[in-house]
Amino acid sequence: MTVLRPAIDAAVRAAVGNSNRSAQPAPKYLSRSLWAAALVLGLGSTAQAQKPADETPAASGAGSQLEVEEITVTGSRIKRANDFASANPTTVIDQSYLNNLAITNMGAALTQLPANISTFSPATTGNSSFFAGSIIPNLRGLNPYFGSRTLGMVDSQRFVPTNQGDGLDLNFIPSILVDHMDTVTGGASAAYGSGAIAGVVNFIMNRKLEGGKVDVNYGESELKDAQDKHLGVAYGMSLFGGRGHLVLGGEFEDTGNAHCTTRSWCREGNGFFATGTTSYNLATGLRANQASTTGVFYNKNSPTTYEANSAGNGLLGWNSGVVPAPAAQSAATIGGDGRSPNQFTNLIAPVNRDVIEELFTLALTDKINMKLDGSYGKVETTNYTAAGASTAVHISPDNAYLQLYPALQPAVGPTGATLNKYWDDQVNSLTTTNTTVKRAVIDFNGQFGSSSWTWDGYYEYGHTYRTQLVQDNLHLQEMQLALDSVIGPNGVPVCRSTVTGTVPRGNNPALAVGCTPIDPFGNQPLSPAQRAYGFGNLVENLTYTQNVVAANTTGNLFGGIGAGPWAGAVGAEYRTEKGNNVDNPGVPLAIATDYLTQYGASFAGKVAVTEGFLELSAPLLKDKPFAKELDVDIAVRESKYDNTGLAGTTGEEAKHNMTTWKIQGNWAPTDWFRFRGSQSRDGRAANFRELYYKQIIGAGGLFGYCGPTNSFTQPCQWTLTGNTQLRPEKSDTTTIGFVVEPKEWLPGFQFAADYWRIHITDAILPANPASVLAGCPAPHTAPGCALLTTATPGDYSNITGLSALASNGSGYLYKGIDFTLGYLWDIGGGQRLDTHLLATYMMDQLYQPNPGSAFVNVVGQVGQGNSFLADFQSQAKWAANATSTYTVGPFDVTGQLRFFSGGVMNYNGYPTGATLPGAPAPGVAPPPAFNVSYNQVPSYFLFNLNGSYHLPSMGGLEAQLYGSINNVFNKQPPIAVGVGRFGATNGFGGTNAAFYDTIGRAYKIGVRMTF
């Protein structure tokens, strides 16, 4: 083992050229072999803990004098001596913190922060067709559904978006190579540009690794599912006598699924059921109401309900359970023969990820350095989900299959019957998401002579290819046509539309061509022709390319006014982004849009951004009475956006300007107490989807209805589009806080409290059909009526279509307080106790559903989202994470406590005649408001335990065994559901996976090695 590292060093040196050349003076150009190797590799607040022992700095060499001693603090472009001098509230998570909690995924690391709300993670997307398996930062819960107001960066440089919005999937960040993660919970647009409204998550990579690192581990739940196999490998070495340094690393992880009904709390079937059109009761033992895989003849009032047998040629009795209000046609009953609402619920999205990265640095001269980085990642997720359902299908008395099987006819009256049927036994429905990301950065930096001024310039290329597939997705109109069959001339079933030559209102006549009749009774295998007509594969391919050229310089302007030198920074950036989203390639438009759920039509566009920024840091007082330190920092950035629609759009071009700025300062009256604060104007420009998106939703089905506002009673076609004219959002952010660090009389102790307020105006809203309908009130003379199509001109009682565009004008006003505490206690005798607390008190989350409407306070809603594709994520009043690590000799033991305070299931829900804490009083909640029988969720604690043991050194090999138990007490999640636009939201077994653990007690074991 002692010769392993020299052998690896020799092999790498052989790959990049003869290292003896490094003894010569610095080359004027890179050797051809070095360029080739590098390019191949390139394309193929409060610190949480002390640095781990295995993170040794690189060996010094000829180029070591070029290392700038100052660091760039996240949120600022000016290099400083340490991050304590910054007024930005910053949380730093390093490798020691990750190791203490056995975290091997940077997305899981981000979920440790109470300020982040994990709307999209494997734990919340096990049943989703969007962002399945992704881990997207969401500070303050401010992300729109298809976008991000949290900027993700690597080494303070932008990362190519990994989806249609502007989000970054943290699965593509290899944790084995991360030195630390900085999270700035405040606006940073003046420093970094668009997207940093809620803050910045910045991953600082370990460029100085010497030797090798290996981390291999395995985890699973107590029920033997949710299996997690992970391997991380990294190696670093100096080259060319110390003038260069190369770090290579990779991470390979395969996580498995966990099914909901294997958990007792999930089998209980908790959730809301309808007792009226706006009234719901909370119950246990919910079952699907009169629907099965063989077909149930829906009967609202009669005590006798029938189900078709599996062969589809006879009837069986059906127990409907308790239906409290039959006239409400509730989607759920209590008990009965219906299936569990969680029969196809996945608790976690299985993710397979492979990520490799190289980090290469080289001293070209004594004054100029070069960095060459490259990364490649592939993330795959497959969710097996429920197939589509045909509900409220009208079965005519002359239906062909009723004629063939007379034993079914008693279930059908003289005017026909209604059938509810699941297709799970006859098709194999799944959703697959594959994303590949390639990224390369070449960076040159150096000093201007012997001055304090340094410069940096880089070019970044990023490419994302993402494909999404929904297999056996139910066709909407074609299935309706296929189920409406009659006996043909030869006694063979045929589609009614092929006989009469007409189709029902709201159906596209083109879809009737080639109609194949389908037997809705029983669960016999479908013929290939039936399956091909009634179902299809929904496919979406996204190609997204980002190019960035940036340059900046920073240094001291002059010696100052007695408190230290004033420093400045200036820079410019030019960025282009081009996306091409192809929907169902090669499939005719009528068929491609004929789905109950769909991604959207094909669209493409590009954005060009030109930016320039200035920053000034001015120390004003130092070592004065009541002013141990007083400084101010001012930054401003001007951004120009040029948006151009391409294929699938009108080709419209629009230009917008965005000015952002920030003023922040520190005042330390003593050497152990410091005030800090900032005021900033931040912004977010519209992303690719918001600018160019297009979707056509056919009439009928789950969507596709028009009518008076909030009624949606008439089938009509929706055309939803982006808007090139969207203006950038504006946000005003205020932070005021203090830091206590009594180094003299309580060493190792730190405490900070920061009040923050984020006010967003001109917020971007997706296309909203309800707003379009509301914009054409009687007598229908408003300009908004031009967005509606009617069967008869001027007759708005029969609307056949609407067009809705993305728009500006909504708003957010969020306020809260962040608390950070750290205490490192050297007990003595080789014992140490390291304790940390992160907590957020959310005061208000005011959200404006539509421009001009009243603001709604959603804080404290911990039940499932109350609106479809919600552009906000509510938070508990209190969220906290406390960890404590006890070290004695080679042993480390870490306990972790996570906490969410109690709240309400739904801010729109209230019990008749009563007001619950945190819930709106009757009549206050904006429409639609719902009567619910219960609207409270209790507080929630979760305890995790981790431990490790450092084995004795073995000839240069250091090894550490570790293990963890998550949810030590196997605490069940509380009931946390809600009511939304389409009724009760009882997914995930009746709880909210964004806050509560759904897996249960889980174990992980592993070994870390360095050599």
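How many Å² does the accessible surface of the chain come to, and what percentage belongs to carbon and sulfur atoms? In this predicted model, the accessible surface (Shrake-Rupley method, 1.4 Å probe) is about 38,400 Å², with 60% belonging to carbon and sulfur atoms. Local features need pLDDT of at least 70 and side-chain atom pairs 80 or more, whereas totals for chains, interfaces and linings use all residues. Residues are numbered from 1 along each chain, and side-chain values use heavy atoms, without hydrogens and water.

Of the 1011 residues, 57% are buried (under 20% relative accessible area; exposed is over 50%, partly exposed in between; 1.4 Å probe, protein chains only). The chain has 13 helices and 54 strands, taken as DSSP runs (H or I, at least four residues; E, at least two) numbered from the N terminus.

Aromatic pairs (ring centres of Phe, Tyr and Trp, the last by its six-membered ring, within 6.5 Å; planes under 30 degrees apart are stacked, over 60 edge-to-face, the rest tilted) number 35. Phe130 and Tyr599 form an edge-to-face pair, because their ring centres are 5.8 Å apart and their planes lie at 75 degrees. This pair links distant parts of the chain, 469 residues apart: Phe130 is in the loop between α4 (106-110) and β5 (150-154), and Tyr599 in the loop between α11 (589-592) and β31 (603-624). Both Phe130 and Tyr599 are buried. Phe131 and Phe146 form a tilted pair, with 5.8 Å between centres and 45 degrees between planes. Phe131 is buried at 7% relative accessible area, and Phe146 is buried at 14%.
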